[in-house]
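Reader: I would like to learn how to read a structure feature by feature. Where shall we start?

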Amino acid sequence: MHAIVIDKPGGPEVLRWREVPDPRPGSGEVLIDVTASALNRADILQRQGLYNPPPGASPYPGLECSGVVAEVGPDVLGFEPGDQVCALLAGGGYAQRVAVPWQQVMRVPEGVDLVEAAGLPEVACTVWSNVFMTARLRRGETLLVHGGASGIGTLAVQLAKAFGSRVVVTAGSAEKISRCLELGADEGIDYHDGDFSEKVQADVILDIVGGPYLSKNVRALRSGGRLVVIGMQGGSRGELDLGALLAKRASVHGTTLRARPVDEKGAIVRGVVENVWPLVEAGAIRPVIHSRVPMSEAAEAHRILESGEHIGKILLVG
């Protein structure tokens, strides 16, 4: 088979489409013929040598995919060859085949194109686990989403609205804010226009920026608010006013998804299938796709992602 190989850390040009050994499904694993994968910021960090795959994971980038089950290993439950599926991966999505624990595999929701389904697993699992499992967003509460036009942001807007919450987003342009409002956001804030904490009070904040937003996020929290930090695009260090945090009886959570044990990922995947997939099948939530790029041209897809001009997901089609 072919896969995108990273020979050395660097820019998009280090991504090479190369013949590699075929994976084989082990016990409890499903082998998927990959139809498409999707880009995530973690892929850029891996390419730069800053975010290595967890032990035992595929060395190739790609945290999600869609495709058709080619083979199942021993002790696999609920899947058989020929099933159309999408999957949450610890790595290996930028390839023609990938082996993945069956607990991280989901049938493609009815009505969703098999290629576009590649853009759902990572964002759906990220939003469900952080906004609903960790932060316990409730109907009528306000969710603030930083990077509202990103893949995670566009899914968070739709899912929170479907559960009856008010949604405010930050984004970097009028075009991106407009798209978020079309998806159901109640308000959009251009992060170039001053301090967002002076314009919104939220019960839950989903943050991809990290350190530079820490103090502002705490100021933007309501009493009893929950801040969930899932990225450090702006940096890893910030100042935290513990007095303000205590006075608001608020909480700060830092989470990652890639390195979690299989059983934890399996619980998240089950939650997505039970709670998110019905909304997708009903048309209340749709994957937002910016572009489709041939997998062999992954370097160009990385350039698009790094430009920051995209809205939604960038797909790699095998």
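Predicted model: local features only at pLDDT ≥ 70, side-chain atom pairs only at ≥ 80, totals over all residues.

Reader: How many cavities of 30 Å³ or more does a search of the whole structure find?

Author: The search finds 1 cavity at that cut-off. The space inside the largest cavity is about 40 Å³.

Reader: How does the lining of the largest cavity divide by class?

Author: That lining has 5 nonpolar, 4 polar and 2 charged residues.

Reader: Which element gives the largest share of that lining?

Author: Helix α3 does, with 4 residues.

Reader: Then let us read α3. How does its reach compare with the span expected at 1.5 Å a residue?

Author: The helix covers residues 151-162, 12 residues in total. From first C-alpha to last, α3 reaches 17 Å, close to the expected 16 Å.

Reader: Is α3 mostly covered or mostly open?

Author: Mostly covered: 10 of its 12 residues are buried. The buried residues are Gly-151, Ile-152, Gly-153, Thr-154, Leu-155, Ala-156, Val-157, Gln-158, Leu-159 and Ala-160. Among them, Gly-151, Thr-154, Leu-155 and Gln-158 also line the largest cavity.

Reader: What follows the helix?

Author: Gly-164 follows α3, and its phi is positive, near 85°.

Reader: The cavity lining also includes Leu-120. Where is the place of Leu-120?

Author: Leu-120 sits in the loop between β7 (105-107) and α2 (121-134). Look at the accessible area. Leu-120 has 1% relative accessibility, so it counts as buried. The cut-off for buried is under 20%.

Reader: Is Gln-48 buried, exposed or partly exposed?

Author: Gln-48 is partly exposed, because its relative accessible area is 33%. Gln-48 lies in the loop between α1 (41-47) and β4.

Reader: Now strands. What should I keep in mind about side chains in a strand?

Author: In a regular strand, side chains alternate between the two faces of the sheet. Now take strand β3, residues 29-38. Of its 10 residues, 7 are buried, so β3 is largely enclosed by the rest of the structure.

Reader: Which strands pair with β3, and over how many bridges?

Author: Take the partners in turn. β6 pairs with β3 in the antiparallel sense over 5 bridges. Here Glu-29 stands opposite Pro-101 in β6. Strand β4, residues 64-72, pairs with β3 in the antiparallel sense over 7 bridges. Here Ile-32 has Val-69 in β4 as its bridge partner. Strand β15, residues 313-317, is antiparallel to β3 over 3 bridges. Ser-37 stands opposite Leu-316 in β15.

Reader: What is the volume of the second largest pocket, and which residues are closest to its centre?

Author: The volume is about 390 Å³. Of the 27 lining residues, the closest to the centre are Gly-56, Ala-57, Ser-58, Gly-91 and Ala-99. By class, the lining of this pocket has 17 nonpolar, 5 polar and 5 charged residues.

Reader: One last feature. What is a disulfide?

Author: A disulfide is a covalent bond between the sulfur atoms of two cysteines. The test here asks for sulfur atoms within 2.5 Å. By this rule the count is 0 disulfides.

Definitions and conventions
Residues numbered from 1 in each chain as written. Heavy atoms only, no water. 1 Å grid on protein atoms, 1.4 Å probe; cavity = no way out; pocket = protein on both sides within 12 Å on 5 of 7 lines; lining within 4 Å. Points joined across faces, edges and corners; volume = space filled by probe spheres on them. Nonpolar A, V, L, I, M, F, W, Y, C, P; charged D, E, K, R; others polar. Helix = DSSP H or I, 4+ residues; strand = E, 2+ residues; numbered from the N terminus. Expected span 1.5 Å × (residues − 1). Buried < 20%, exposed > 50% of the residue type's maximum accessible area, 1.4 Å probe, protein only. Pairing = 2+ DSSP bridges.
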